[in-house]
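Please look over the model below. The report takes a helix, then strands, then a helix pair.

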Amino acid sequence: MTENLSPREPATSPTTAQAAAAARAAAAGSAAPAAAPGGTRLDPWFGAYADRAHGMRASEIRALFAVANRPEVVSLAGGMPYLKGLPLDTIASSVAELVATHGATALQYGSGQGDESLREQIVDVMRLEGVSAHPDDVVVTTGSQQALDLVTRIFVNPGDVVVAEAPSYVGALGVFRSYQAEVVHSPIDEHGLIPEVLEETLTRLEAAGKTVKLLYLIPNFHNPGGVSISLERRPRIVDIAQRHGVLVLEDNPYGLLGFDGETMPALQSYHPDGVIYLGSFSKTFAPGYRVGWAVAPHAVREKLVLASEASILCPSNASQMAISTYLATCDWQGQVKQFRELYRERRDAMVGALAEHLPSASWTVPAGGFYTWVRLPEGLDAKAMLPRAVTARVAYVPGTAFYADGSGADHMRLSFCYPTPDQIREGVRRLAGVVSNELDLATIFGTGGTGGDAGSSGRAAADVEAPGPDLA
Ligand code: PMP
């Protein structure tokens, strides 16, 4: 089974593509294009890539997830919201009406900064988390993922340091890597990022002559940690960043998904000039529209708009108008409340099943969001174990995905957002069986369960890659 999970040869090999290009060139009466110097048999253009492209590699666990998406596998891996709860019929008719009545605008190019009415509505949404911004301060982006890319693009030179929580969001680590940033992790505990250690980390980096450009944080219902930064720590963290002259990048897609309905003040609300705030409709509404936003100090916002225009000209007008209509005509806050209840039930199923089946592990109990962060029993390696878990029809994301330096093999991220409570319980039961086999193997062979073909501890940073969009 493990062999079948290895990446397959691409259907059209580069050699075939080269032959086809040569045939086309010959037919056009010209010589076959020469491969760039440094090309390889597998990739004739290997030597031509920009330096920044060399860190980009598909994860070796991507192939496993192609199998994990099969219906018989319970996937506790993906971070996909559960959309069946949305009023799809109402949304469908309002989109049809939108195209019928405003199609010429909805299907046209729009403003680089984003639709003004939507920006006004975004300001209202953020008020729930204590952010008082003006619509002019908002830049609409293609998901908050694009905002991460734009912020990194305008601030980070190769070799600059981004300080990120340990662990941190896999999709952000991919962006930082693509701009050749050095990511330095600073630890979290059950109350989020630890201010004292952050202070030490920044002081140490300064003493080493490093240029720290960003402090990247997920303050609420952390991906993958499941924890939130406590109220008491928030102003302290902002203050530390300010004293060290470091801009805070606050990534907050889950803030409204607290299970007790309580929302914490955004870090941005403590010091609007020192924080770039990122928001998203992906988790509270639907990721398919790909609409997120950034709120930034005035001059930064100007640069973000220019960078976004260079990248995509403008965000999708159709998506923005659909979201704007949804916010204006549906009870979106009632919908978010329903999501919170649904995800709370699934969180309860997850932590209940972990307590019943996996008492030898430990885990965070999230008060919102999509994820719990599980520490495996001593000596087990989550990445090495993954092929065997998928064989046992359960999938998760190994902790290594969430560290820039390849550590984290003793952890895994379990998502409770998409599977039903029954599927979650069954998935955890299967996982417990896999863990128990690994522990037996470790006892018999003293291998620590790392006998598989995807062993990971201590890998170089470049080997640890994003598993792909549906898992992020
Ligand atoms: N930040 C975090 C912490 C996330 O978990 C995600 C999605 N998994 C994103 C950003 C990107 O979200 P989107 O681009 O869909 O807004």
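## Helix α14

The buried residues of α14 are Ile-424, Gly-427, Val-428, Leu-431, Ala-432, Val-434, Val-435 and Glu-438. Buried means that 20 or more other C-beta atoms lie within 10 Å of the residue's own; exposed means 12 or fewer, partly exposed in between, with C-beta atoms placed from the backbone. An α-helix has 3.6 residues a turn, so residues three or four places apart point the same way. The buried residues of α14 pack against β1 (74–75), α12 (332–357), α13 (382–391) and β12 (394–395). Contact requires C-beta atoms, placed from the backbone, within 7 Å.

This is a predicted model: local features need pLDDT of at least 70, side-chain atom pairs count only at pLDDT 80 or more, and totals for chains, interfaces and linings use all residues. Residues are numbered from 1 along each chain as its sequence is written. Helices (H or I, at least four residues) and strands (E, at least two) are DSSP runs, numbered from the N terminus.

Gly-446 follows α14, with a positive phi near 65°.

Six of the six residues of β8 (275–280) are buried. Val-275, Tyr-277 and Gly-279 point one way; Ile-276, Leu-278 and Ser-280 point the other way. In a regular strand the side chains alternate between the two faces of the sheet.

Strands β7 (residues 247–251) and β8 run parallel, joined by four bridges. Pairing takes at least two DSSP bridges between two strands. Asp-251 has Leu-278 of β8 as its bridge partner. Four bridges also join β8 to β9 (residues 291–295), and these two run antiparallel. Here Tyr-277 stands opposite Val-295 of β9.

## A four-strand open sheet

The order is β10-β11-β14-β13, with antiparallel pairing. The edge strands β10 (362–363) and β13 (397–398) each pair on one side only. Two bridges join β10 to β11 (residues 371–375). Trp-363 stands opposite Val-374 in β11.

## Helices α5 and α11

Helix α5 (residues 116–127) packs against helix α11 (residues 317–329) at about 45°, with axes 9 Å apart. Axes are lines fitted to C-alpha atoms, for helices over the stretch in contact, and angles run from 0 to 180 degrees between N-to-C directions. That angle makes α5 oblique to α11. Under 35 degrees counts as roughly parallel, over 145 as roughly antiparallel, 65 to 115 as roughly perpendicular and the rest as oblique. Ser-117, Leu-118 and Gln-121 of α5 meet Gln-320, Ile-323, Ser-324 and Leu-327 of α11.

Definitions and conventions
Two residues are in contact if their C-beta atoms, placed from the backbone, lie within 7 Å.
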